Amino acid sequence: TKAGRLIFEEASKMLHRIEDVQASARNVEDALAGSLNVGTYESLAEYLWPDFLLRLSSAHPHLQVSVRTSLNRNPKVDLLSGRIDLLVDAEPQTKAELTSWPLYSDRFGFYVSSDDNATEFTPMTVGHTPIIFVQGAFDENGLTIENHLAKAGYEFERQYCFDSFSTVKRLATRKMGVAVLPIRLAEEDKNKRMIKRVSLKGLSPEGFGRHTIYATVSGENDKDLRIKKLVGLLRGHFK
């Protein structure tokens, strides 16, 4: 019943809080103890969380972190309802009841398979090369990847648009076209010589579309010492 679901949700929150208090009492010497639920999105989870969670579990074994992706079409709902304690994504939250802290900034770059002979494209030489990108990805000014390409005079005859940068990377390694990727996300495969960076004339060789990854909490959690320490560790992970 509707009443039963409400009781279940509220009771679950209470039990979750009791577990946190008990864990904190058992581990007073360790400020990172108890359990936290983190929400993020798939592409960020792929290259951020594996190494980070490995280090975290080794350094702070009393803290149990659960990471989930695609919890809700609007993750702010999950944050405000208490389903997650911390949201890590590329959009600062401006609601009064939410607090966002910047973790790191990145830009987009262009990549092709390491076996591809191309090093630079121009609006005249791009020819029939497809462009591969995440639809809806935007920078801190609200400009999408398509906006940046159009401003530089590029019109790709064929477009491969996906919801995940993981798929974009995979197609790049298969020589399917020019992929647009966050530079940090592409670094591992670039170092493994699976993909390489190329330039598009008219767009900065340093990358374009500056965007920042944020950690966001609800107002009732912005004083939680564990969350603040976790955010600090996330920042350090990207230095």
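Start your tour of this predicted model by selecting Y154, a buried residue with a relative accessible area of 4%. Turn the view until both rings show: Y154 and F156 make a stacked aromatic pair, with 6.1 Å from centre to centre and 15 degrees between the planes.

Next, show the other rings. The whole structure holds five aromatic pairs. In one of them, the ring centres of W49 and F52 lie 5.6 Å apart and the planes meet at 80 degrees, so this pair is edge-to-face. Both residues sit in helix α2, and because they are three residues apart, about one helical turn separates them. W49 counts as buried at 3% relative accessibility, and F52 is buried at 4%. Then select F108, F110, F165 and F208, which ring pairs link into a cluster.

Now go back to helix α2 and colour residues 42-59. Together with β1 and β2, this helix makes a right-handed β-α-β unit. The two strands, β1 at residues 34-40 and β2 at residues 63-69, pair in the parallel sense over seven bridges. For a landmark, pick V38 and look across to V67 in β2, which stands opposite.

Last stop: the second largest pocket, with about 650 Å³ of space. Its lining counts 26 residues, and K13, H16, G82, R83 and D85 are the closest to the centre. The elements giving two or more residues to this lining are α1 (2-26), β1, α3 (75-81) and α7 (225-237). Helix α1 supplies the largest share, nine residues. Colour the lining by class and you will find eight nonpolar, seven polar and 11 charged residues.

Methods. Residues are numbered from 1 along each chain as its sequence is written. This is a predicted model: local features need pLDDT of at least 70, side-chain atom pairs count only at pLDDT 80 or more; totals for chains, interfaces and linings use all residues. Side-chain values use heavy atoms; hydrogens and water are left out. Two strands pair if DSSP finds at least two bridges between them. Helices (H or I, at least four residues) and strands (E, at least two) are DSSP runs, numbered from the N terminus. A crossover is right-handed if, with the strands pointing away from the viewer, the path from the first strand over the helix to the second runs clockwise. On a 1 Å grid over the protein atoms alone, a cavity is a set of points where a 1.4 Å probe fits but cannot get out, and a pocket is an open set with protein on both sides within 12 Å along at least five of seven lines; lining residues have an atom within 4 Å of a point. Grid points are joined across faces, edges and corners, and a volume is the space filled by probe spheres set on the points. Ala, Val, Leu, Ile, Met, Phe, Trp, Tyr, Cys and Pro count as nonpolar, Asp, Glu, Lys and Arg as charged, and the others, Gly among them, as polar. Rings of Phe, Tyr and Trp (its six-membered ring) pair if their centres lie within 6.5 Å; planes under 30 degrees apart count as stacked, over 60 as edge-to-face and the rest as tilted. Buried means under 20% relative accessible area, exposed over 50%, partly exposed in between (1.4 Å probe, protein chains only).
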